[in-house]
Amino acid sequence: MPRKFFRRYLPSHATVHENRYVARFGSFLHHHNLWHLHRRSVAGGFAAGMFAGLIPGSNPVQFTAAAFLAIAFRVNLPIAVIVTLYSNPLTVVPLYYMAFRLGQVALMDNSAAMPDFAFSLEGKGFADWLPAALNWLTSIGKPLLIGLPLLALLLSAIGYIFVRVAWRWYAIRKWRRRKAARQPGRNLT
């Protein structure tokens with residue numbers, strides 16, 4: 001993948017080691033895979049971010065969970081934290097709906113109907129929106145509770161495989177271009 005692009009925005013090893021906030025964590029944040037950009041580390045960071053993105057809570061909770069997962073599995077930490085942003089106010093309702101349906105399939109229970117989200121928010125102001133949304137989420141119940149971890153595992157597995165395949169495809173494509181450029185008699189202008 002385009003390492004040069006990522007290297008512009010990610011900190012260097014020296015910057016990480018010299019940072020006073022990082023020094024507090026001792027050797028936890030000094031493992032090379034947490035900061036290197038290679039296929040396994042980036043794919044693992046992507047998977048950790050996809051999993052942490054479905055943890056209920058706001059971004060700081062998801063960022064922290066992604067960081068802990070990246071440290072535990074020794075995968076790219078910045079990628080893991082950034083990927084959690086796929087779960088945002090625009091995507092959370094469709095994601096939770098998919099989790100609900102997946103939970104229903106796992107429980108083999110199609111009798112539970114999802115409460116209508118639009119009617120629970122009708123006539124409410126912005127200040128009443130969050131409590132109404134939380135009330136809606138709690139009314140969904142057991143299928144959502146089962147479906148969220150299942151969807152998080154499914155999305156993280158798909159993300160991991162996607163990044164590994166895309167990285168491999170990009171590398172093979174680049175190798176072939178390099179090989180073709182070295183062919184004798186080829187006009188490089």
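**Helix packing and loop residues in a predicted model**

Proline 89 sits in the loop that joins α6 to α7; helices here are DSSP runs of H or I with at least four residues, strands are runs of E with at least two, and both are numbered from the N terminus. The model is a predicted one, so to speak of local features takes a pLDDT of at least 70 and side-chain atom pairs count only at pLDDT 80 or more, while totals for chains, interfaces and linings use all residues. Residues are numbered from 1 along each chain as its sequence is written, and side-chain values rest on heavy atoms, with hydrogens and water left out.

Proline 89 is exposed, at a relative accessible area of 72%. The cut-offs are simple: buried is under 20% relative accessible area, exposed is over 50%, and partly exposed is in between, with a 1.4 Å probe and protein chains only.

Serine 87 belongs to the loop between α6 (77-83) and α7 (92-107). Serine 87 counts as buried because its relative accessibility is 9%. Leaving out residues up to four places away in sequence, serine 87 touches Gly53, Asn59, Gln62 and Leu95, where contact means heavy atoms within 4.5 Å. With glycine 53 there is also a closer look to be had: its backbone oxygen lies 2.9 Å from a polar atom of the serine 87 side chain. A polar contact is a pair of N or O atoms within 3.5 Å; within protein, one must be able to donate a hydrogen and the other to accept it, and residues adjacent in sequence count only if both atoms are side-chain atoms.

The loop between α5 and α6 holds asparagine 76, which is buried at a relative accessible area of 0%. Beyond its neighbours within four places in sequence, asparagine 76 is in contact with a list of residues including Asn33, Trp35, His36, Val42 and Ala70. The C-alpha atoms of asparagine 76 and asparagine 33 are separated by 5.9 Å, though the two are 43 residues apart along the chain. The asparagine 76 side chain also reaches the backbone nitrogen of isoleucine 79, at 3.0 Å.

Arginine 74 is in that loop between α5 and α6 too, and is partly exposed at 44% relative accessibility. Most residues other than glycine have a negative phi. Arginine 74 is not a glycine, yet its phi is positive, at about 55 degrees.

Now for the helices. The axes of α4 (residues 39-52) and α10 (residues 142-181) come within 8 Å and cross at roughly 155 degrees; axes are lines fitted to C-alpha atoms, for helices over the stretch in contact, and angles run from 0 to 180 degrees between N-to-C directions. The two helices are therefore roughly antiparallel, given that under 35 degrees counts as roughly parallel, over 145 as roughly antiparallel, 65 to 115 as roughly perpendicular and the rest as oblique. Residues of α4 that take part include Phe46, Met50 and Phe51, and those of α10 include Leu153, Tyr160 and Trp167.

Helix α4 also meets α5 (residues 59-73), their axes coming within 9 Å and crossing at roughly 145 degrees. Arg40, Ala48, Phe51 and Ala52 of α4 make this contact with Gln62, Ala65, Ala66, Leu69, Ala70 and Phe73 of α5.
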